[in-house]
Number of protein chains: 2
Amino acid sequence: MSDLIADLPKGPLTPFRETATFDWKALKVHLEGEESIKFKNEVYAVLSRDPIFARDFSRPSTDEYREINHKRWKAVLEHQFIDDFFAELERTQDLLEILETYDQGLSGRYALHANVFFSAILTIGTERHAEILEKRETMRLEPWPHSTRENSSSPLHTMEQSSVGLGISLNQPLTRWCSLVRDPNNYRSLPGITIGDMGTKPGVWDGVENGWMSFSNHRAPLWTLLNKGCDVTESGEYKSAYSSSRERQSVSLGSLSAGRIGIVAKGANACRLAATIAIRYSCARHQFGEKPGSDNERAVITYPLQRHRLFPILAQAYVIRLYQSKLMNHFREYMMRMVGGEKSPELAELSKEVHGLSSCTKPLATWMGVAALGEARTCCGGHGFLQSSRLNNLRDDFDPSQTFEGENNVLLQQTSNWLVAKKAAGGDLKSPMGTTDFLVDGGALVDGPVVRRVLGAYTWLVHHLIAKTEMRHKELKAQGKSSFDVKNESQIYTAHTLSIAYGERVMLSWAQAFVDDAPIAFKSVLQRLVNIFALDRIEKHLSTLYIGGFCSGGSFGEWVRNTLIDEETLLAPDAISLVDVIAPPDFVLNSALGSSDGRAYEHLMAEFRRHTDKRTPFWGDLATFLHHKQQSKL
Amino acid sequence: MSDLIADLPKGPLTPFRETATFDWKALKVHLEGEESIKFKNEVYAVLSRDPIFARDFSRPSTDEYREINHKRWKAVLEHQFIDDFFAELERTQDLLEILETYDQGLSGRYALHANVFFSAILTIGTERHAEILEKRETMRLEPWPHSTRENSSSPLHTMEQSSVGLGISLNQPLTRWCSLVRDPNNYRSLPGITIGDMGTKPGVWDGVENGWMSFSNHRAPLWTLLNKGCDVTESGEYKSAYSSSRERQSVSLGSLSAGRIGIVAKGANACRLAATIAIRYSCARHQFGEKPGSDNERAVITYPLQRHRLFPILAQAYVIRLYQSKLMNHFREYMMRMVGGEKSPELAELSKEVHGLSSCTKPLATWMGVAALGEARTCCGGHGFLQSSRLNNLRDDFDPSQTFEGENNVLLQQTSNWLVAKKAAGGDLKSPMGTTDFLVDGGALVDGPVVRRVLGAYTWLVHHLIAKTEMRHKELKAQGKSSFDVKNESQIYTAHTLSIAYGERVMLSWAQAFVDDAPIAFKSVLQRLVNIFALDRIEKHLSTLYIGGFCSGGSFGEWVRNTLIDEETLLAPDAISLVDVIAPPDFVLNSALGSSDGRAYEHLMAEFRRHTDKRTPFWGDLATFLHHKQQSKL
């Protein structure tokens, strides 16, 4: 089993590896599965040998970046790692994970061209679009069958400047088209279509063309309308299979979660990369000590504050990932039932639950991920700022995950709306995935293991915040506010916090379920990670727990804080091995600070030495300027 | 008076300006002073006419950036805005502020070449370096008088790889040299010196060469040692004027604050820029409403949650700036007394106070600044991510302020060490700047205006955390821990929080003092800003206040939270005008979203249209790839 995973190089990290209480390779196999590891090894082997994937620490221009990204995207398709990405969903996830840790611009380009495009046709297209779908197997992406059904067409016209974008509205309802926009022979835009780019973007997203489009009486063939549930007749009449836009929306509610669930994984990847780079560097980096002099300097990872800043990030990397893969399993089942045409009340409930859960955990995961990269960067001091650390770049790369598929704060409203309505509706509070079952009991201060105590506090908190939100709604309604204002004015410290508390509770309870089922060899180290996650998150709610009356006096708060510090101390011997389990290979990580050999200084110096004794190209101008100024004074 | 300040263009922001309760131009004059505004107007006028300062939203390569930055730096010197930057400290501050908001790479280059270099010579050089100092008046920066005093020299040799950098150690003590490292005729490094660059960096810092240097038996002339307080004889013996390194350190303690106090201003500038861009955009941006359809969409600034995210940033921009300019005044007086040779116990106390205060407020201000830019960016949704928003770039630009001149978390220890020692020493708790005077009384729940109540809580908190830190020290000492470990193991929720609470309390009380002295016309709007700062910051300490027993039950916590939301609602009519007071001119701001005319969409579309109908340069390769694949299947 363990020969699936290569040994890591000996070096400065070796002593930190020798203190581990578990076998890191065995844990990796337990978490990822042999099949996934084998597949990823194959991909890594191919990519690491292909020169187009070689990188250094310099920064290409926008044009260069887009061309490199195009070539890498071509190479990924040519290597044909996946035969049919609908049939091999888990391998597709593996591939996306690799590309995402390598360069999100590349995973973005790959996913947009393949998954997003074909998924849209699969879910909202009909038999008239089947010819396109067939092309998915080899991801032949020329997007258009040379069809002759061009007779009927519908004029499209973008209404106003502020609606320039990639969503097109036809009368009121939002409809989606799968329409040629460029001439395939010369790639010029078709008549009546203007296409442009949105300009330079930060980080790796600069390697992806983000377009805008406007239409001026462009005629698109009518059959290109993705017409599941709605259609336009040849005479231009709009027909919907739904009695109301509300019904239409509720059917598509769950499937809207696909993107968000994918983005939850970005949060896990951001935390993985942050923890890997900063914890390895913190072992390699020695600073201060009892006496002056470099002999006495300690590895900065031995400082309790450094652990307190980094170990919750390591815990998040694990917890978000465990949570996300369970959610993805649920979601696949859900989609199969949907595509199979099931129309049960239980499926409708599941649809709402998937929507509610993805709408709060996408924000949570991406906030944690972006914050993790920022914290990791400052944990590496000045070196963390260099391009060769990769941390600032990664922060720019993951930053948009906070506004993709819904700005995080706005998205959170979906969850609280659902929870409050569910509670108000009365009846069975249990849900298909079981994430609201805890609402049956009230939650209280309980004794026992860490997670049990923290879950008790979360249960109380969610109840408290539902009640508080309801009360606030009543107050505002009594003041005659519109339902729109009622929702807007009950967010801060109320509905907003409710969605966060619920999402964290589900993440925590699913991670705990994984630990409960884990083999004895990993149970204790995984439990410690989950404890750290639990304590670190509930710590941020202490003030609300006190204000609301869940606890009083110092004991609960002191217990949370002291136990967190204790758990961080106890995790220390395992930290580097826990990083090794989740770290991508060095060529994917591409960080001088986070290399698996721990030789951060040697990698930094190698980069520094690449820039040795070069005079600045404008040295002559500088010399003339200074000398001239000097003389003019004389 | 008001004709000093140009009117702002009419447009979408006009209705938001019409609700202001004060005259924004008058407030600007009150805050900055006529002389400063006149000077800045001159500089703005010159820079805006000089083509080298024109910018768009694209991103230059490292080499291009450094050359542009060099040319801009030359232009700033050639325009000779300042005659003698030692004599015109306030104008120097004004100029740096302009350059910092324009491009920190430029302000960095300017300040490093001018202020930092000459200040070092002024403070730790002696009469033998006077010839260099004379050059400061016109900032002739050729760094070397063609001296003949080259006979004695001292070999320098960098000991180990991890010490490659710009600090050079000679035996034990850190000594500073002001030594030629390149041949002025050809800019090649001198024998025994290797100079290199640290590679690509994020944001505007890529426009500044960050060097490393190593020495191999290079002989530097002995007179180039900056020898105030220490010297090396011609026979190589090291002599110090101080009996211990501790004494040596304590003398230079206060002067070490210069850089940190400058960096506090970066926090204010980061908050200014964040508030300007995001609040103006939030007025221009309309989204959602009671009914579907764009007519009903509301400006996002009307959403309470959006205000709750942005108004504390606006408050920080004001409070940090008010605090920083008072601290700078104190610091100037302090430096004059130091340079004048005063050696009083009161000056020694002041030295410690300046050090303690700058060591906690530099972290606070820079954390607030970087967090503000991140929050502002997501407050602008997807548009906030574009290069044309400038927010992500600004975040990268301000990011290193968190590790400049001491990593923030490490720096905080300086403050807590000083406060705990001061309390333990007993005697007079009052201090030269008065920032510890509040320790005389214990602090308690008090009634009255917002800031009075919040200051009461802070007073209690600082007392509580000093006591908690002392108790923890005793526990750890009793366990036989070394004094190094005692400090390390008493940071989290203890000494670390103590430094934060003390720093915030000083910032708040100094801002309040400014409001107390403000003319009646601005008092109420300024008071609201200070209230928001007070409530937003103390909210983050609520859990510690509850755990420690300052309060119990819901009332204090509810009061903090509800009052904060109320104050944010009441501030809304003044928000845009408060932004106008602190916003730099549009060409300096360089953000499509933050323009003073509020035409965010027009500026975005103008940028988008610059990239219209361009086929990607590799379109042919793409077409061949897709077409070829297509055919191979047939």
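**Cysteines, strands, helices and chain symmetry in a predicted model**

The closest cysteine sulfur to that of Cys379(B) belongs to Cys380(B) and lies 6.7 Å away, too far for a bond; a disulfide is here a pair of cysteine sulfur atoms within 2.5 Å. The structure is a predicted model, in which local features need pLDDT of at least 70 and side-chain atom pairs count only at pLDDT 80 or more, whereas totals for chains, interfaces and linings use all residues. Residues are numbered from 1 along each chain as its sequence is written, chains are lettered from A and ligands numbered from 1 in the order in which they are written, and side-chain values use heavy atoms, with hydrogens and water left out.

Zero disulfides were found over all chains in a search of the whole structure. Cys551(B) likewise takes part in no disulfide, the nearest cysteine sulfur being that of Cys551(A) at 12 Å. Cys379(B) has a relative accessible area of 7% and is buried, where buried means under 20% relative accessible area, exposed over 50%, and partly exposed in between (1.4 Å probe, protein chains only). Cys551(B) is also buried, with a relative accessible area of 7%.

Secondary structure was assigned from DSSP runs numbered from the N terminus, with helices (H or I) of at least four residues and strands (E) of at least two. In chain B, strand E4 (residues 193-197) is mostly covered, with four of its five residues buried. E4(B) runs antiparallel to strand E5 (residues 211-221) of chain B, and five bridges join the two; strands pair if DSSP finds at least two bridges between them. Within this pairing, Gly196(B) has Trp212(B) in E5(B) as its bridge partner. E5 of chain B also contains Asn217(B), which has a positive phi of about 50° although it is not a glycine. Most residues other than glycine have a negative phi. Asn217(B) is exposed, at a relative accessible area of 54%. Strand E7 (residues 238-240) of chain B contains Ser240(B), a residue that is partly exposed at 35% relative accessibility. Ser240(B) and Leu96(B) are 144 residues apart along the chain, and their C-alpha atoms are separated by 36 Å.

Helix H10 (residues 304-339) of chain A has 36 residues and should span 52 Å, in agreement with the 52 Å between its end C-alpha atoms. Because 26 of its 36 residues are buried, H10(A) is largely enclosed by the rest of the structure. Gly341(A), which follows H10(A), has a positive phi near 90°.

Helix H19 (residues 555-571) of chain A, with 17 residues, reaches 24 Å from its first C-alpha to its last, close to the 24 Å expected. Its buried residues include Phe556(A), Trp559(A), Val560(A), Thr563(A), Leu564(A) and Leu571(A), together with the charged residues Arg561(A), Glu567(A) and Glu568(A).

Glu405(A) occupies the loop between helix H12 (391-398) and helix H13 (408-425) and is partly exposed, at 45% relative accessibility. Leu593(A), in the loop between helix H21 (586-589) and H22, is buried with a relative accessible area of 2%. Asp613(A), in the loop between helix H22 (600-609) and helix H23 (619-633), has a positive phi near 55° and is not a glycine. Asp613(A) is partly exposed, with a relative accessible area of 37%.

UniProt places the feature "domain: Acyl-CoA oxidase C-terminal" (unreviewed entry) at residues 453-614 of chain A. This span is 77% helix and 0% strand, and its end C-alpha atoms lie 61 Å apart.

Chain A superposes on chain B (RMSD 0.1 Å) by a rotation of 180° with 0.0 Å of shift along the axis, and the two copies are thus related as by a two-fold rotation axis. The superposition is by least squares on the C-alpha atoms of residues with pLDDT of at least 70 in both copies. Ser543(A) comes closest to the rotation axis among the residues of chain A, with its C-alpha at 2.1 Å.

How values were computed
The expected span of a helix is 1.5 Å times one less than its number of residues. UniProt positions are given in the numbering used here, feature names are shortened, and annotations may be inferred rather than shown by experiment.
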